[in-house]
Amino acid sequence: DTNDLQDLLFYCLSNKEKNLFVVGDVKQSIYGFRGANPKNFLSKKNRYIPIEKTTDEMPQKIILGKNFRCKAEVCNFINFFFYLFMSEETGDIIYNDEEKLIRGANYPELDKNPCEYHLIEAKGNAEHCSKVEAKYIAEYIRKTMAEGDIIRVDDNTLRPAKYSAFTILLR
């Protein structure tokens with residue numbers, strides 16, 4: 001998440017990228033509001049060659065593609081939508097095998113499907129639609145808590161869901 005000036009500074013300080021180490025995931029770039037330019041990272045990522053196909057003298061990239069936070073079903077669910085919607089036109093990135101999430105940890109099996117997609121149809125102004133969404137989310141959480149859904153705490157521990165397990169992301 002560097003801006004153009006920071007990127008130029010790193011270029012100069014790293015002897016024209018000969019001594020540069022970069023870590024990132026452009027899909028998680030969130031600092032556009034402060035001038036970050038994800039294309040700085042993308043240009044390097046697209047220019048560098050996978051380490052297994054390079055020599056020590058060449059710029060190299062290592063893809064850390066394993067996800068240790070999500071079950072395989074969650075990774076597959078996310079990959080399905082990202083393959084459909086992420087493109088150079090919509091986000092400057094082509095969602096391909098290099099970008100996809102790969103399950104990196106095993107989790108206990110649960111009876112309930114770990115992925116759900118809810119499409120809420122609401123007509124009216126933004127305030128009305130927000131209220132419809134909020135009511136739906138509140139009801140969903142209430143129902144989930146009443147049913148005693150089980151969640152994973154760590155690799156081997158399961159427990160009933162608590163209100164603190166929910167996260168609501170807003171536009």
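Biologist: Arg 142 first. Is Arg 142 buried, partly exposed or exposed?

Modeller: Partly exposed, with a relative accessible area of 44%. Keep in mind that this is a predicted model.

Biologist: Which residue does Arg 142 meet in a salt bridge?

Modeller: Glu 139, at 2.6 Å from N to O. Glu 139 counts as partly exposed because its relative accessibility is 39%. Both residues lie in helix 5, three residues apart. That is about one turn of the helix.

Biologist: How many salt bridges does the count come to?

Modeller: The count comes to 13. One of them pairs Asp 7 with Lys 44, whose closest N and O atoms are 2.7 Å apart. Asp 7 is in helix 1 and Lys 44 is in helix 2, so this pair ties together parts that are 37 residues apart in sequence.

Biologist: Asp 7 and Lys 44: buried or exposed?

Modeller: Both are buried.

Biologist: And Lys 45? What does its side chain meet?

Modeller: Lys 45 forms a salt bridge with Glu 98, 2.5 Å from N to O. Lys 45 sits in helix 2, and Glu 98 sits in the loop between helix 4 and strand 4, so the link joins parts 53 residues apart in sequence. Lys 45 is buried, at 14% relative accessible area. Glu 98 is partly exposed, at 25%.

Biologist: Which residues do shared partners join into one network?

Modeller: Asp 25, Lys 27, Lys 45, Lys 61, Glu 98 and Glu 99. Salt bridges that share partners link them.

Biologist: Back to helix 5. How many residues does it have?

Modeller: Helix 5 has 22 residues, 126-147. From first C-alpha to last, the helix reaches 32 Å, close to the 32 Å expected.

Biologist: Which residues in helix 5 are buried?

Modeller: Cys 129, Ile 141 and Thr 144. Seen down the axis, the buried residues of helix 5 fall within an arc of 100°, so they line one face. The face turned away from that buried side carries exposed Glu 127, Lys 131, Lys 135 and Ala 146.

Biologist: What caps the N-terminal end of helix 5?

Modeller: Asn 125 does. One of its side-chain oxygens lies 3.2 Å from the backbone nitrogen of Glu 127. After the helix comes Gly 148, with a positive phi near 70°.

Biologist: Last topic. Which residues form a nonpolar patch on the surface?

Modeller: Leu 5, Leu 8 and Tyr 11, with about 310 Å² of accessible area together. Leu 5 is in helix 1. Leu 5 counts as exposed, at 65% relative accessibility.

Terms used: Residues numbered from 1 in each chain as written. Predicted model: local features only at pLDDT ≥ 70, side-chain atom pairs only at ≥ 80, totals over all residues. Heavy atoms only, no water. Helix = DSSP H or I, 4+ residues; strand = E, 2+ residues; numbered from the N terminus. Expected span 1.5 Å × (residues − 1). Buried < 20%, exposed > 50% of the residue type's maximum accessible area, 1.4 Å probe, protein only. Arc of directions from axis to C-beta. Polar contact = N/O pair within 3.5 Å; in protein donor to acceptor, adjacent residues only side chain to side chain. Patch = residues over 30% accessible without salt bridge, like charges linked within 9 Å, V, L, I, M, F, W, Y side chains within 5 Å. Areas by Shrake-Rupley, 256 points an atom, 1.4 Å probe, with all protein chains shown as cover. Salt bridge = Lys/Arg side-chain N within 4 Å of Asp/Glu carboxyl O.
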